[in-house]
Amino acid sequence: MARVYVSSVINAPAAKVWARIRDFNGLPNWVPPVAESRIENGEPADKVGCVRAFSLRNGDRLREQLLGLSDFDMFCTYSILDSPMPLTSYVATVRLTPITDQERTFIEWSAEFDCTPDKEQELIDGIGTNVFMSGIDTLKRAFGG
Amino acid sequence: MPRVIRSTIIDAPVDRLWAVLRDFNGHDKYHPIVAESAIERGYAADKVSCVRRFTLQDGSELREQLLSLSDLEMSMSYCLLETPIPLFNYVAHVRLLPVTDGNRSFWQWEGRFTTPAGREQELADVVGNDVYAAGMEAVRSLPELQMEGA
């Protein structure tokens, strides 16, 4: 099982950052490779079990299902249902934790999945850099550093 | 039951910060309120269930027991056994997480306890400010945690 883990600090209170993250249909607003997204069957984006169908700027299409969402602990867990990537059993979590000394936010984005050994490092780097870190960098800019 | 949480970012790699914090007998080397500390019965400081007996700068004496220690999770828990301060059922948790963006560390220190009615806020402030936040600031300036070349 391969694991990706990316974490950073955002200069805004966790509640403000969470308002952006908790929108399961909001990837186009903060994850640069994502072009457009919709929730299938007209369900609300915070209904656990809902599916987001989204496309990347390169034309790839993905479907992901919301497995868990907590406004109390500020985490969101989801799985990939369909994607062009050569991986299976993909489950990812975004989690926010307040940093009490300066009203900042500690953000963690992690994923676990199965793949063949020859694809593992490429997938870890691609997901960690192009998706997770690029999304976090957008949030850092949006909240001033 | 009051719950106190303090967290911060330390500009040092997480393995170096953990090397400092995992020493259950090391707080007298950095914490401004701790005068002297020793592990009872000659046990190793990373033996789960060992007890540290320490004195504060004001002379008061406390005993705390190590409840858990994980080098994998970089976390530890301990409880107060004896204290002149009215903190009862006190259990504290320390955990570290890597900040991969910049090779820094996230450090959270959390405690829960009961107190005589009416003293919750006062004692929560003592624990959160005088123990946790003051300890974090002292650790932050330890020479072994300064970035090389900084």
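Modeller: L97(B) has F106(B) as its bridge partner in β7(B). The model is predicted.

Colleague: What makes β6(B) and β7(B) a strand pair?

Modeller: Pairing takes at least two bridges between the strands. β6(B) and β7(B), residues 104-114, have 10 bridges and run antiparallel. Therefore they count as paired.

Colleague: Which residue takes a positive phi in the hairpin of β6(B) and β7(B)?

Modeller: G102(B), with phi near 110 degrees. That hairpin has 4 residues between its strands.

Colleague: How do you know that β5(B) pairs with β6(B)?

Modeller: Again the cut-off is at least two bridges. β5(B), residues 75-82, is joined to β6(B) by 5 bridges, so the two strands pair. They run antiparallel. Y78(B) has A92(B) as its bridge partner in β6(B). This hairpin has 5 residues between its strands.

Colleague: What does V17(A) touch, leaving out residues up to four places away in sequence?

Modeller: I10(A), A12(A), L96(A), T105(A), I107(A), L139(A) and F143(A).

Colleague: Why is chain A called as compact as a globular protein of its length?

Modeller: Chain A has 3 helices and 7 strands. Its radius of gyration is 15 Å, and the globule rule gives 15 Å for 145 residues. The two values are close, so chain A is as compact as a globular protein of that length.

Technical notes
Residues are numbered from 1 along each chain as its sequence is written. Chains are lettered from A and ligands numbered from 1 in the order in which they are written. This is a predicted model: local features need pLDDT of at least 70, side-chain atom pairs count only at pLDDT 80 or more; totals for chains, interfaces and linings use all residues. Two residues are in contact if their C-beta atoms, placed from the backbone, lie within 7 Å. The radius of gyration is taken over C-alpha atoms; the globule rule is 2.2 Å times the number of residues to the power 0.38.
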